[in-house]
Amino acid sequence: MNDSPSALQSTVDHPPVTESLSRHDAPSGETSAKYVYFLSDAHLGSWAIPHARTQERRLVRFLGSIKHKAYAIYLLGDMFDFWNEYKYAVPKGFTRFLGKLSELTDMGVEIHFFAGNHDLWTYGYLEEECGLKVHRQPVTVEIYDKVFFLAHGDGLGDPDTKYKMLRRIFHNSLCQRLLCAIHPRWGLWLGMTWAKHSRLKRDEGKELPYQGEDKEILVRFTKEYMKTHTDVDYFMYGHRHIELDLMLSKKTRMMILGDWVWQYTYAVFDGEHMFLENYVEGESVP
């Protein structure tokens, strides 16, 4: 496993990287259908979530229910409340989740992991041990003849100078090295405590409700981005912990995926139609 953060540093204002998902024809029948799933923001392991073990089990059961339906799964950031890899150690826990991800990738399911603002300190373990494809910047992919802009969402169009500075610190290679130089017992404690404090600052640990098109930062960013990128059909984000399904033009649709803390929401694309769904145990998953 590579223990050098400098090789993985991403520039905050770097333009989105364009990647191509292998082209596949749209599903032609129920038995042959291969769906693409999108979800984000489970914040597994959070010290501020009282139902953490139940939450992880629920996520694992969902993944198990789609393992024979999914061609690809996109995890759009903050799946862990804090994740930092050391040369010989990774955070304690998450065995059910990591085991299920490994099972799916062993079956041939593509799983794309987007580093969020809580779990960006990954240096090879998730790729090598679990078979994930890790992305540290927004990407543009083509899926069943549709163009998707995919990102966790933090920092995109955010005017908050304090947060921009904090994000630069998080992504700075020297700061990453200093964090990895701290003994894992204290480094992980520091990260988990910081994440807990961040969540408890919010009312009941939940995000602000939808602020409207004029005030919602990701909506404003998307509208501006659309001016120079007219080919995008779907913009999909995590980060905000709200469910949003917004048509921005006749062609372009934007979604914010909610979370897997309280809402258990996900999007699924069948090659022709996109649905934003809530996972209810016992019910059939599209």
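A: Happy to. Contact here means heavy atoms within 4.5 Å, while helices (H or I, at least four residues) and strands (E, at least two) are DSSP runs numbered from the N terminus.

A word on the source: this is a predicted model, in which local features need pLDDT of at least 70, side-chain atom pairs count only at pLDDT 80 or more, and totals for chains, interfaces and linings use all residues. Residues are numbered from 1 along each chain as its sequence is written, and side-chain values use heavy atoms, with hydrogens and water left out.

Within α2, the buried residues are Phe97, Leu98, Lys100, Leu101, Ser102, Leu104 and Thr105. Buried means under 20% relative accessible area, exposed means over 50%, and partly exposed lies in between (1.4 Å probe, protein chains only). The helix covers residues 95-106, and its twelve residues should span 16 Å at 1.5 Å a residue; the end C-alpha atoms are 16 Å apart, which agrees. That expected span is 1.5 Å times one less than the number of residues. After α2 comes Gly108, with a positive phi near 105°.

Now to the salt bridges, each a side-chain nitrogen of Lys or Arg within 4 Å of a carboxyl oxygen of Asp or Glu. Searching the whole structure gives ten of them. Glu281 is partly exposed, at 37% relative accessibility. Arg61 joins Arg58 and Glu281 in a network of salt bridges.

Another pair is Glu127 and Arg136, whose closest N and O atoms are 3.5 Å apart. Glu127 is partly exposed at 28% relative accessibility, and Arg136 is partly exposed too, with a relative accessible area of 21%.

Finally, Glu213 and Lys223 form a salt bridge at 2.6 Å, N to O. Glu213 belongs to the loop between α6 and α7 (217-226) and Lys223 to helix α7, ten residues apart. Their relative accessible areas are 32% for Glu213 and 34% for Lys223, and Glu213 and Lys223 are partly exposed.
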